Amino acid sequence: MSVENDTNRDQISEEIVSGVKSKENAHDASGTIAKSENPSSIDYSDEKYQKDQWKALKRAIHKQIYTLEAHTVEKVVLDLFKLNLVRGRGLLVREIMKAELEDNRYTAVFASLIAVLNSKIPEIGELLVSRLVLQFRKNYKRNNKRICISSSVFICHLTNQRVVSEILILQMLQLLLEDPTDATIEIATRNLKVVGKYLNDKSAIANNMIYARLRDILHDNESISERSKSIIQELTKIRKSGFRYYPTIEKSLDLVDEEDKETHVIELGGQIESQEELNVFQFDEDYESNEKEYDQIRKEILDEEEEENVEPEKEEEKPVKVEIEDMTQADLLQYQKTVYLTVMSSMSSEEAVHKLLKLNFNQSKEDKLKNNAILADMIVKCCSQEKTYSKYYGVIGEKLCSTNKFWHSTFVKLFKQYYEVIDSLDTNALRNVGKFFGHLFASDKLAIDESWSDIRLTEADTNAASRIMLKFIFQEMIEELGTKEVKERLIHDDFIKEKINGVFPVVNVTWKDAEHLRFSINYFTAIGLGVLTEEMRDVLKDLPPPPPFEDEDRGRSRSRSIRSADDSRSRSYSRSYSRSRSGSYSRSRSSSYSRSRSVSYSRSRSRSYSRSRTPSRSRSRSRSRSVSYSRSPSPVNRNGEHVEHESRGDNVTRTPSREPLKRRKDDVESTHSGKRTRH
């Protein structure tokens, strides 16, 4: 905008009012030419009258263009449509090009205005693009970089608005990169920042060719400066980011529907006319008929605009209450940020606790409970993010737990929650969280009986992460209290014993808890706290034996027994009787030897050789082999020696017992009585 226009704005406004009002008053509300009180007094064929109307039109267009802002585009469009834009399209295009050249910050706004006007009067958009192409050609030959950038960037914005096809800008980019210089590279990169996202979506192949050319220039062309190379590298980064900060069209400037957009196909090297005669006054012999024709067009356009403006008003008359839910959780994030900054900016734990408690003073009870739970969780999260554990957080948690029962129950819930999801934390966070809760248990501010009630230290109920967390908890307690004090609290306290029986199973245990006891003993021994397992070892030693049970799979008899502290005994017998075809009887002696360690499987083999003589002097030799399995210690006599058993039989026989245990005992007793009789 020139200085003369700025200083004479008031004067121009007065002239517009005096010059344009005569025309506006000559029209009724519907936009048609109204007959004045004396219609015969207006001579439309008078050159002076037409020239006055031309001047008034020029001033009105100038006023609207120089008052255009991003938020006033719709209002300016309505005001411009009241003017005869078909007659004054040359003036309109010239004013827009002058204003854009003076201040290129409004290029996108002017492009949005042209897109709306072009959707109703396509001649306006075509004329503007033609003049911009001619302006670019002329100044490219003159090496005028400033005007070339202004013209090409304006064309890029019009391409984004679908006023002109992308073919034109692709031809311009090809021309700029054909014989690259520092100036042409700068112009091309400026254009690609504006129209790059649109080209990437609509002409991906051509767009890739342009970036390939830029890559070749960057690596092979040594004549360009370092600044040009850095510009190309910056453009490459913008492209990789998906043109995040360079949208195709801003939402506030996207005013035309897709089906209403008019796109012109204009080529860079084609024959283009600037139509400069539209910039000056020309006498119109059919002035009245042309005015009536435009009045009809204007009426249609403005009626459509009025209907669009009325529809929202009808909707506003019947407002509908809609509950809006904030899915972004902005309040939660803001509160978490406040807690974090408060914790990090405090000089001591006392100051931090004092500031944290003040955050929820003026809130309702429900919001206070909710925010306090978030606050406690943020303390644990802040602690987990540190490189090494700091007692600063432990003391904050200790002081909060001692405030009231709510804080205590909140941290108990947090402990159980983190114990369940501890496997999702990394090693550093796992260590810090374990030491944090270990400090609370050591300071006796967090009740162990409530926190550990759901923990069961078995292989099935724990994982590697939870066992590591318990390890850090116990190590922190031992470090702060000492082994003796930890034993007094956990082992020698009868009240605590019942509550933490899942960790130290010493109360109301049966033979079914043997595996649980062994796993707990092995765990504490592995982490260097075997001193805590003394009572569990005694309980495991004095466990009652399990009840007997039977198993007859595959014809083998199995028995299970647990060796007592003094002695355990078991006997196995094998007896067979067979008769040969010759009608002779044979005896065989079999001895069995079994070896076992505590509760295990033992295997015994017996071999017997027998000879029998018959009246027919026939010899028969039989070899018997019996294999028996038992899950009990080897049979010994009362003096602790292995015993041999006799069995009678003629041939090789396998003698697995298929009878119930009670019946076998009767057979054993009958065998012993038979032996005593023979002896």
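Are Lys435 and Glu476 buried or exposed? Both are buried, where buried means under 20% relative accessible area, exposed over 50% and partly exposed in between, with a 1.4 Å probe and protein chains only. The model is predicted, so local features need pLDDT of at least 70, side-chain atom pairs count only at pLDDT 80 or more, and totals for chains, interfaces and linings use all residues. Residues are numbered from 1 along each chain as its sequence is written, and side-chain values use heavy atoms, with hydrogens and water left out.

Start with the whole protein. It holds 26 helices and 2 strands. These are DSSP runs, numbered from the N terminus: helices are H or I with at least four residues, strands are E with at least two. Of the 679 residues, 42% are buried. The accessible surface is about 40900 Å², and carbon and sulfur atoms own 46% of that area. Areas follow the Shrake-Rupley method with a 1.4 Å probe; for residues, only the protein chains shown count as cover. Take the contacts (heavy atoms within 4.5 Å). Among those between residues at least 6 apart in sequence, 74% join residues at least 24 apart.

Helix α3 covers residues 47-66, 20 residues in total. From first C-alpha to last, α3 reaches 29 Å, close to the expected 28 Å at 1.5 Å a residue. That expected span is 1.5 Å times one less than the number of residues. Asp46 caps the N-terminal end of α3, with a side-chain oxygen 3.3 Å from the backbone nitrogen of Lys48. Buried residues of α3 include Trp54, Leu57, Ile61 and Tyr66.

Now the charged pairs. Side chains of opposite charge can pair when their charged atoms come close. The structure has 23 salt bridges, each a side-chain nitrogen of Lys or Arg within 4 Å of a carboxyl oxygen of Asp or Glu. Lys435 and Glu476 form one of them, at 3.6 Å from N to O. Lys435 sits in helix α19 (residues 427-442) and Glu476 in helix α21 (residues 464-481), so this pair ties together parts 41 residues apart in sequence. Shared partners also join Arg87, Asp284 and Glu291 into one salt-bridge network.

Arg298 and Asp295 meet in a salt bridge at 2.3 Å, N to O. Both lie in helix α13 (residues 287-317), 3 residues apart, about one turn of the helix. Arg298 is buried at 7% relative accessible area. Asp295 is buried at 2%.

Lys399 and Glu350 pair at 3.8 Å, N to O. Lys399 belongs to helix α17 (residues 391-401) and Glu350 to helix α15 (residues 349-358), so the bridge ties together parts 49 residues apart in sequence. Lys399 is partly exposed at 29%, and Glu350 is partly exposed at 45%.

Next, look between α14 and α15. Ser346 lies in that loop and is buried at 9% relative accessibility. The side chain of Ser346 reaches the backbone oxygen of Thr342 at 2.6 Å. Beyond neighbours within four places in sequence, Ser346 is in contact with Glu351, Ala352, Lys355 and Tyr392.

Finish on helix α14 (residues 330-345), which holds Leu341. Leu341 is partly exposed at 47% relative accessibility.

Conventions. Polar contact = N/O pair within 3.5 Å; in protein donor to acceptor, adjacent residues only side chain to side chain.
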